[in-house]
Amino acid sequence: MASVFAYAPAPESRSIVDIAPSYGLFIDGEFTDAADGKVFKTVSPSSEEVLSEIAQAGEADVDRAVKAARKAFEKWSALPGSERAKYLFRIARIIQERSRELAVLETLDNGKPIRETRDADLPLVAAHFFYYAGWADKLDHAGYGANPRPLGVAGQVIPWNFPLLMLAWKIAPALATGNTVVLKPAETTPLSALFFADICRQAGLPKGVVNILPGYGDAGAALVAHPDVNKVAFTGSTAVGKEIARTVAGTRKKVTLELGGKGANIVFDDAPIDQAVEGIVNGIFFNQGQVCCAGSRLLVQESIHDELLDSLKRRLSTLRLGDPLDKNTDIGAINSEEQLSRITSLVERGEAEGAERWSPACDLPESGYWFAPTLFTNVTQAHTVARDEIFGPVLSVLTFRTPDEAVAKANNTPYGLSAGIWTEKGSRILAVANKLRAGVVWSNTFNKFDPTSPFGGYKESGFGREGGRHGLEAYLDV
Amino acid sequence: MKNSADHLFPDRPPPPIPPHGVYSRYARRYARLVTMPTNAPAAAHALKDVAASDSTLRRFLHGLPGVDAVGLEARAASLGTRSIKTTAKAYAIDLAISMVDLTTLEGADTPGKVRALGAKAVRPDPTDRSTPSTAAVCVYPDMVATAKEAVAGSSVKVASVATAFPAGRAALSVKLADVRDAVAAGADEIDMVIDRGAFLAGNYMKVYDEITAVKEACGTTARLKVIFETGELSTYDNIRRASWLGMLAGADFIKTSTGKVAVNATPANTLLMLEAVRDFRAQTGIQVGVKPAGGIRTSKDAVKFLVLVNETAGEDWLDNHWFRFGASSLLNDLLMQRQKLATGRYSGPDYVTVD
C-alpha cells in the first residue's frame with residue numbers, strides 16, 4: 001500500500017536467538033548424532049537462508065528413542081500427579097520467559113509473521129502447558145473413573161504449520177497423564193522442537209520422558225509402526241493419516257488423527273459486516289492459510305455478496321506482506337517450496353476451471369517462498385478450489401440463498417474440522433451450529449483457540465479430540 | 001480550508017470521491033421507503049429522504065449492520081500493535097500536532113489563559129519553528145473573541161463548544177442562541193452536543209432536527225462538529241446509529257465525546273466512527289471528519305489513532321481538515337517526543353511550555 005503514511009521497517013531483532021550450526025537428535029536426555037550419521041538442512045522460507053544442519057533420524061534411532069521412553073515410563077508414570085505437574089508448570093514458565101526468543105526462532109524457521117508467533121503461538125503454547133499441568137493431579141475427577149492409568153509410550157508426529165503449538169498440544173496432555181513421549185517434528189521446521197528439548201533439560205525433566213527425533217516421513221512411519229509404541233498421535237495431511245490408520249490397524253495402539261479440512265465460513269445477511277470481514281481475513285489468511293481449520297470456503301448469502309466482496313477486497317488491499325520478522329507484517333512466507341508449488345498448481349487449476357481469480361496489488365519479495373492473498377469468486381461446489389484443501393492463502397467464495405442451503409453446502413465435503421457462522425441473530429447461530437458436521441464451530445469469530453476447548457474433526461478430518469478435558473482421554477487407558 | 005498541515009502535503013490534490021454504491025445494500029433496503037428511483041445518480045438524495053419521517057429514520061438507523069463488540073475491540077487492539085518507528089514516527093508526530101484541537105473548557109478559564117493557549121497553538125514549540133501549528137483552539141463561546149485575537153494572522157482555527165455543553169440539557173432556543181453568539185464572535189468551528197436523552201428515548205427525529213437547526217445557525221462559515229458523548233450512548237450499535245444520524249443531518253465532523261464523562265475516546269469507538277465516515281462517503285460521496293476527544297494523552301496513543309485512520313478510512317483522512325484530536329495535555333507529550341526524535345534525548349516537562 002503506497003501511502004503518505006508509510007510505516008518504516010520495524011524488524012524484531014534476531015540477535016535474541018542463538019541458532020547453533022548443527023543439532024542432534026534428543027534421545028534419553030542427550031543430543032546425539034543419527035545412527036547412520038545422516039543430516040539435513042533447515043532453511044528460512046522467507047530468505048532461503050540455511051539456518052542449521054540437523055541430524056536425521058532413521059529406524060535405528062526410532063528404536064533407541066522408544067526404548068529410552070519405555071525405560072523412563074516406569075518411574076514417570078509412578079510419580080504422583082502433583083509431582084508431574086511441577087515439571088509441567090516449570091516448562092510453562094520457562095516457555096514464557098523465553099517466549100520472545102522462541103517467537104523469533106519460530107518465525108525464522110517457519111516463515112510466519114512475528115506478530116502471530118508473538119501474539120498467538122507462544123501465548124497459546126504456554127497456556128497449554130499451564131492448563132494440562134493443572135490436570136495432572138486431578139485425573140481422578142476428569143470423568144474417567146478413579147486413578148485412570150496412562151497408556152505408555154506415545155509416538156507423536158506433528159506438522160510444520162504451528163511447530164511449537166502442535167508440540168504443546170501433543171506433549172502437554174501426554175506428560176500430565178503420565179505417558180512418555182517420542183515426537184517427530186516436521187522436516188521443514190525442526191528447530192523449535194529442539195529448543196524445547198533444551199527447555200526440558202532446563203526444567204530438569206527426567207531423562208527419556210521426552211525424546212525429539214527430527215526427520216522425514218520414513219522416521220515418522222517407523223515410529224508409528226514401532227511395536228513398543230502404545231499410542232499414536234498425528235496431525236497432518238489426510239493422505240498420511242489414512243496410511244497411519246492402516247499401519248496401526250489390528251494392533252492395540254490407541255490413535256488420534258487430526259487431519260485436513262475445508263472449513264466453511266458462513267456469512268448471513270444480518271451479520272456484523274465489518275467484523276465478519278475481519279473474521280474472514282483471520283479465517284483464511286492467518287498463518288498464510290496454512291491452517292487445517294482455515295475458513296477456506298466463504299459461503300455468503302447472495303443478497304449481500306457484492307457488498308461483502310467490496311469490503312473484503314478493500315480490506316485485503318491493506319494487508320502487509322513481507323519480512324516475517326517485521327512487526328507490521330500481516331502475511332509471511334509459505335513454509336516450503338513444495339507447499340508453494342502445491343498452492344500454485346491448485347490455483348492454476350481453479351483458474352482453468354473458470355473461477356475468477358483476484359489478488360490485491362502486492363509486491364512479492366525476490367527470494368523465499370511467497371504467495372499473494374488470493375480470492376476466487378464465481379466458485380461452485382464442483383470446482384476443485386471448493387473441494388480440495390489448498391493449505392494456502394486462497395479463499396473460495398460461494399453463495400447461498402437460505403439457511404438450509406448454507407448448511408447443505410457447508411456439510412458437502414469429505415472433511416469436517418471447522419466452520420464459522422456470522423449473524424447477529426443468536427437463535428440462528430444455535431440452529432445452524434447444531435446442523436453443521438464440524439468439530440469446531442465458531443460464531444462471530446474464527447480461528448480462536450484455547451487450551452480448555454476440545455479440538456478435532458468429523459469424517460476425513462480425523463478422530464479424537466485434543467485440548468480440554470476431552471484431550472485427556474486420548475492419553476488414558478480408558 | 002486547509003491550514004497548518006499544508007506544509008506536510010504540499011502538492012496534495014483534493015481527496016478523490018469514490019464511486020458510490022459500495023454500500024448499496026442500504027440503498028436497496030430503503031428504496032421502498034423513499035420515493036427516489038433506485039438508480040439515483042447520488043445516493044445522497046435517497047439518504048436525505050431517509051429522514052422524511054420519524055419512522056423512516058428509525059427504520060434506517062435500526063437497519064444498519066450490527067456491531068460485534070468483541071470483534072470490533074479485537075480489531076482496534078490488533079491495529080494498536082503496529083510498530084511505528086523512525087521516519088514514520090516523525091511523520092505521525094507532526095501530523096498529530098497539526099491535528100490537535102488545543103482545548104480549555106474550564107469554569108476557571110480567563111482571557112489570560114485563553115491567550116496563552118492561543119499562543120501555544122500558533123507556535124507549539126518556541127525553540128523549534130519547524131513544529132507545525134495545531135489545527136485549532138477549542139474554548140467556550142464567551143472566550144471566542146479572545147481566542148480569535150490570540151490566533152489572529154495564523155492558520156489556527158477557533159472552535160467553540162456550544163448548545164449548552166456538556167450536558168446539552170437546555171431549550172433549543174437557548175442552544176441556538178449559544179451557537180449564534182459563538183459564530184458572531186468569529187468561531188470557525190462549532191462543537192455541539194446531541195441530546196443524548198432524546199437519542200436514548202428513541203426520539204431520533206428530535207436529535208436530527210436539532211442538528212439541522214444548529215447547522216443552519218452555523219451558516220456557511222462555521223464547520224459543525226457533532227459530539228455524541230459515546231460514553232453515555234454505551235453500546236456500539238448506538239454509536240454507529242448516532243454516527244449515521246449526525247452525518248445525515250449535515251455534520252461536518254463527528255466527535256466522540258466532551259471529555260467530561262468517565263469514558264471518552266477509545267480506539268474501538270473511534271474505529272467504529274471511522275468505518276461510518278468511510279461507508280457514508282462510499283454511499284453519498286460526502287466526506288465527513290472524525291474527532292476523538294478526551295483521554296488521549298500520549299504520543300503513543302495518538303499514533304495508534306492515526307494507524308486506525310490510515311488502515312480504516314484511508315489516507316484521505318490523514319489531514320487536519322478531516323481528523324482531529326480533542327486534547328490538552330497530549331500536545332506537550334507530542335512535543336517532547338518530537339524533541340527526542342530530533343536530539344536523541346528525552347528532555348522533560350520543563351522544556352515544553354506549561355499552559
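I took two strands as paired if DSSP finds at least two bridges between them. Helices (H or I, at least four residues) and strands (E, at least two) are DSSP runs, numbered from the N terminus.

The model is predicted: local features need pLDDT of at least 70, side-chain atom pairs count only at pLDDT 80 or more, and totals for chains, interfaces and linings use all residues. Residues are numbered from 1 along each chain as its sequence is written, and chains are lettered from A and ligands numbered from 1 in the order in which they are written.

I began with strand S1 (residues 100-103) of chain B, which is joined by three bridges to strand S8 (residues 325-327) of chain B, running parallel. There I found B:Leu102 opposite B:Ala327.

I then followed S1(B) to strand S2 (residues 136-139) of chain B; these also run parallel, with three bridges. B:Asp101 has B:Ala136 as its bridge partner, and B:Thr103 has B:Cys138. Between S1(B) and S2(B) the chain passes through helix H6 (residues 111-122) in a right-handed β-α-β crossover (with the strands pointing away from the viewer, the path from the first strand over the helix to the second runs clockwise).

Next I noted four bridges from S2(B) to the parallel strand S3 (residues 157-162) of chain B, where B:Val158 stands opposite B:Val137. With helix H7 (residues 144-151), S2(B) and S3(B) form a right-handed β-α-β unit.

Finally, I checked burial (buried: 20 or more other C-beta atoms within 10 Å of the residue's own; exposed: 12 or fewer; partly exposed in between; C-beta atoms placed from the backbone). S1(B) is covered on both faces, with B:Val100 and B:Leu102 buried on one side and B:Asp101 and B:Thr103 on the other. In S2(B), B:Ala136 and B:Cys138 are buried on one side, and B:Val137 and B:Val139 on the other.
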